[in-house]
Amino acid sequence: MQHRAVSRVAVVGATGKMGRLACRLVEETDGFELVAELGSSSDLAELEGADIVVDFTLPQVSPRVVERAIAHGIPVVVGTSGWSGERIETVRRALGAAPAIGVLIIPNFSVGSVLATAFAALAARFYDSIEIVEAHSAGKVDSPSGTAVRTAELIGAARSELGPVAAPHTDQRARGQQVASVPVHSLRLQGVVARQSVLLGGTGEVLELRHETTSAAAYEAGILLALREVRSRRGVVVGLDSLLDLGLPVPGAPTTPAVGDAPSGQAATATSA
Ligand SMILES: NC(=O)c1ccc[n+]([C@@H]2O[C@H](COP(=O)([O-])OP(=O)(O)OC[C@H]3O[C@@H](n4cnc5c(N)ncnc54)[C@H](OP(=O)(O)O)[C@@H]3O)[C@@H](O)[C@H]2O)c1
């Protein structure tokens, strides 16, 4: 399919922190034009003339945005959190066996965070005792974070032959919420942007993989990469690691071909955001 030289972008959630960042990037970058900025009082019909939809809204709003974009054959970059494996499966079904567009679901646009998640998945086979502690700003409405869910699911996938992690006493609320058997502890604190530690306990040692986002500028390169890639992808693509060559085998991570790489163009089995 021939693409216009300039991609016309609609940003949903354009009045929010991440949406404003996305709008600025689109406006500053050659090859993109900002054609619609939608907020909570907008009609989703406003996104219909765009070549790309970017979604930075709320977990309960995001599925509607994606549904609308798919209905109009518009590729979507989803940055909103709350995309569980089950939700992603719904999108995959909506796209059908031969998807005509790409839906990129990216729980974290920061390269450092994606690397930390990949390191955790690599290390997961060597430790039975694994827990995640994540911290975000007090204003974040959902928990656990999309990044924590994805990290836990990749750890679970990496350990598919070993079984669940050792997580005693999880009937007690203070032991966190289990995702793919991994206890996740969510802190919501003023002064924090985003932080995550994966703690892996072994015999006589604890390995801690810690990543901290100190400014939203950390997301810019990843958002631009997703904008550049989305029109050439087909099917559901989950995680920035699917767009980047980390140079690491990430157990359980999805790989999704670009257009023409495979007959089905369907995404692999990744899970959540
Ligand atoms: N993937 C990543 O790397 C990454 C990084 C940071 C955050 N996030 C996620 O991105 C999402 C947005 O974060 P944020 O900090 O930008 O949140 P935010 O500042 O609260 O912005 C939320 C946006 O959603 C809009 N909205 C709410 N209801 C809507 C509706 N029914 N239709 C259309 N728009 C609607 C709001 O519009 P109004 O102003 O009109 O209410 C606002 O523009 C969150 O899920 C967050 O967890 C992802």
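**Figure 1. Burial of helix α5 in the predicted model.** In this predicted model, α5 is mostly covered, with 12 of its 13 residues buried. The helix comprises residues 146–158, and its buried positions are Gly 146, Thr 147, Ala 148, Val 149, Arg 150, Thr 151, Ala 152, Glu 153, Leu 154, Ile 155, Gly 156 and Ala 158. From the first C-alpha to the last, α5 reaches 18 Å, close to the 18 Å expected at 1.5 Å a residue. The cover over its buried residues includes two helices, α3 (85–95) and α4 (111–123). Strands also contribute to this cover, among them β6 (129–136), β7 (177–179), β8 (182–188) and β9 (194–202).

Figure 2. Between the C-alpha atoms of Ala 121 and Ala 157 the separation is 8.2 Å, although the two are 36 residues apart along the chain.

**Figure 3. The largest nonpolar core.** This core has 65 residues, of which Val 11, Val 53, Val 77 and Ile 155 touch the most other members. Helix α5 supplies its largest share, six residues. At least three residues of the core come from each of domain 1 (7–109 + 217–242) and domain 2 (111–214). Ile 155, listed above with the members that touch the most others, is one of the buried residues of α5.

**Figure 4. Contacts of Val 77.** With neighbours within four places in sequence left aside, Val 77 is in contact with Ile 52, Val 54, Leu 104, Ile 106, Ala 226, Leu 227 and Val 230. Val 77 is also among the core residues that touch the most other members. In the protein, residues 24 or more positions apart account for 71% of the contacts with a separation of 6 or more.

**Figure 5. Ile 105 in strand β5.** Ile 105 is found in β5, which spans residues 102–105. With 30 C-beta neighbours inside 10 Å, Ile 105 is classed as buried. Ile 105 and Gly 79 are 26 residues apart in sequence, and their C-alpha atoms are 6.4 Å apart in space.

**Figure 6. Residues around the ligand.** The shell around the ligand holds 27 residues, and those that come nearest are Thr 15, Gly 16, Met 18, Gly 39 and Ser 40. Helix α1 (residues 17–28) gives the most to this shell, with three residues. By residue class, the shell divides into 12 nonpolar, 13 polar and two charged residues.

**Figure 7. The loop between β6 and α5.** Pro 144 and Ser 145 both lie in this loop. The peptide bond from Ser 143 to Pro 144 is cis, with omega near -5 degrees. Most peptide bonds, in general, are trans. Ser 145 is buried because 24 other C-beta atoms lie within 10 Å. Not counting residues up to four places away in sequence, Ser 145 touches Ser 81, Glu 134, His 136 and Ser 186.

Figure 8. Most residues other than glycine have a negative phi. His 169, in the loop between α5 and β7, has a positive phi near 60 degrees. With 8 other C-beta atoms within 10 Å, His 169 is exposed. Ser 181, in the loop between β7 and β8, has a positive phi of about 75 degrees although it is not a glycine. Ser 181 is partly exposed, with 16 other C-beta atoms within 10 Å.

Figure 9. The protein has six helices and 11 strands. Of its 273 residues, 43% are buried.

Technical notes: Residues are numbered from 1 along each chain as its sequence is written. This is a predicted model: local features need pLDDT of at least 70, side-chain atom pairs count only at pLDDT 80 or more; totals for chains, interfaces and linings use all residues. Helices (H or I, at least four residues) and strands (E, at least two) are DSSP runs, numbered from the N terminus. The expected span of a helix is 1.5 Å times one less than its number of residues. A residue is buried if 20 or more other C-beta atoms lie within 10 Å of its own, exposed if 12 or fewer, and partly exposed in between; C-beta atoms are placed from the backbone. Two residues are in contact if their C-beta atoms, placed from the backbone, lie within 7 Å. A nonpolar core is a set of buried Ala, Val, Leu, Ile, Met, Phe, Trp, Tyr and Cys residues joined through C-beta atoms within 7 Å. Domain bounds come from an automatic or database domain assignment. A residue is near a molecule or strand if its C-beta atom, placed from the backbone, lies within 6 Å of it. Ala, Val, Leu, Ile, Met, Phe, Trp, Tyr, Cys and Pro count as nonpolar, Asp, Glu, Lys and Arg as charged, and the others, Gly among them, as polar.
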